[in-house]
Amino acid sequence: MSVAEPRRIALFRHAKADWPQVSDHDRPLAERGRKDAAVAGRRLADTGITFDLALCSTAVRTRETWKLAVHELAHRPKTIYEERVYEASPGELIAVLNEIPDDVQNVILIGHNPGVHGLADILAGESEGDARERMNRRGFPAAGFALLSYDGAWKSLEPAVATLTDYWAPAE
């Protein structure tokens, strides 16, 4: 990894889910969620970041969100469906990210709130422009994402070492 090229982390919350009579893990996307997931994918593509790895919760709504969003990207990253991302706390998500091999430059994590929002807030020691203010004002709505940059090994990722470079939500 070049010092001139920081790692990028995208924290992507699943799109709007429906509420049928199934377990929480098995909830599918609502119609609005299917539309927002594709829009979020286009917005992720617009960042120009090439993701090497996607870590996706095993929940139905996160898998469906990723399936719709990834089609909008120019490059399809290797995807790992990770059970530990479902209902994970920010600390548990950091532990998952700490296991990423160092040959992975850019990662996208598709997960759930409150973990995803908490992780973005905890990792961001600094923020560019008004990204943190917008994220904290809006919360972290369905299909929203935060982009962070980080210089260092994945095993060294910890609170306050990254920079929040962008934040996007469907109503932005």
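Helices (H or I, at least four residues) and strands (E, at least two) are taken here as DSSP runs, numbered from the N terminus. The model you are looking at is predicted: local features need pLDDT of at least 70, side-chain atom pairs count only at pLDDT 80 or more, and totals for chains, interfaces and linings use all residues. Residues are numbered from 1 along each chain as its sequence is written, and side-chain values use heavy atoms, with hydrogens and water left out.

Let us start with His117, which is found in helix H4. Setting aside neighbours within four places in sequence, His117 is in contact (heavy atoms within 4.5 Å) with Met135, Asn136, Gly139 and Phe140. The C-alpha atom of His117 is separated by 20 Å from that of Leu29, a residue 88 places away along the chain.

Axes are lines fitted to C-alpha atoms, for helices over the stretch in contact, and angles run from 0 to 180 degrees between N-to-C directions. Angles under 35 degrees count as roughly parallel, over 145 as roughly antiparallel, 65 to 115 as roughly perpendicular and the rest as oblique. A crossing is left-handed if the near helix is turned anticlockwise from the far one by less than a right angle, and right-handed if clockwise.

Helix H4 (residues 115-123) and helix H5 (residues 131-138) pack at an angle of about 150°, with their axes 11 Å apart. H4 is therefore roughly antiparallel to H5. The crossing of H4 past H5 is left-handed, and the contact is made by His117, Ala120 and Asp121 of H4 with Arg132, Met135 and Asn136 of H5.

Turning to the other pair, the axes of helix H1 (residues 31-46) and helix H2 (residues 60-70) come within 7 Å and cross at roughly 45°. H1 and H2 are therefore oblique to each other. Here the crossing is right-handed, and Arg34, Ala37, Ala38 and Gly41 of H1 meet Thr65, Leu68 and Ala69 of H2 in the contact.

Two backbone details deserve a look. Most residues other than glycine have a negative phi, and most peptide bonds are trans. The peptide bond from Asn113 to Pro114 is cis, with omega near 10°; Pro114 sits in the loop between strand S4 (106-111) and H4. Ala143 has a positive phi of about 70° although it is not a glycine, and its place is in the loop between H5 and strand S6 (145-150).

Now to the pockets. On a 1 Å grid over the protein atoms alone, a pocket is an open set of points where a 1.4 Å probe fits, with protein on both sides within 12 Å along at least five of seven lines; lining residues have an atom within 4 Å of a point. Grid points are joined across faces, edges and corners, and a volume is the space filled by probe spheres set on the points. For residue classes, Ala, Val, Leu, Ile, Met, Phe, Trp, Tyr, Cys and Pro count as nonpolar, Asp, Glu, Lys and Arg as charged, and the others, Gly among them, as polar.

| Pocket | Volume | Lining by class |
|---|---|---|
| Largest | about 220 Å³ | 7 nonpolar, 5 polar, 6 charged |

The largest pocket is lined by 18 residues, and Arg13, His14, Arg61, His112 and Asn113 lie nearest its centre. Residues lining the second largest pocket include Asp52, Lys78, Glu82 and Pro101.
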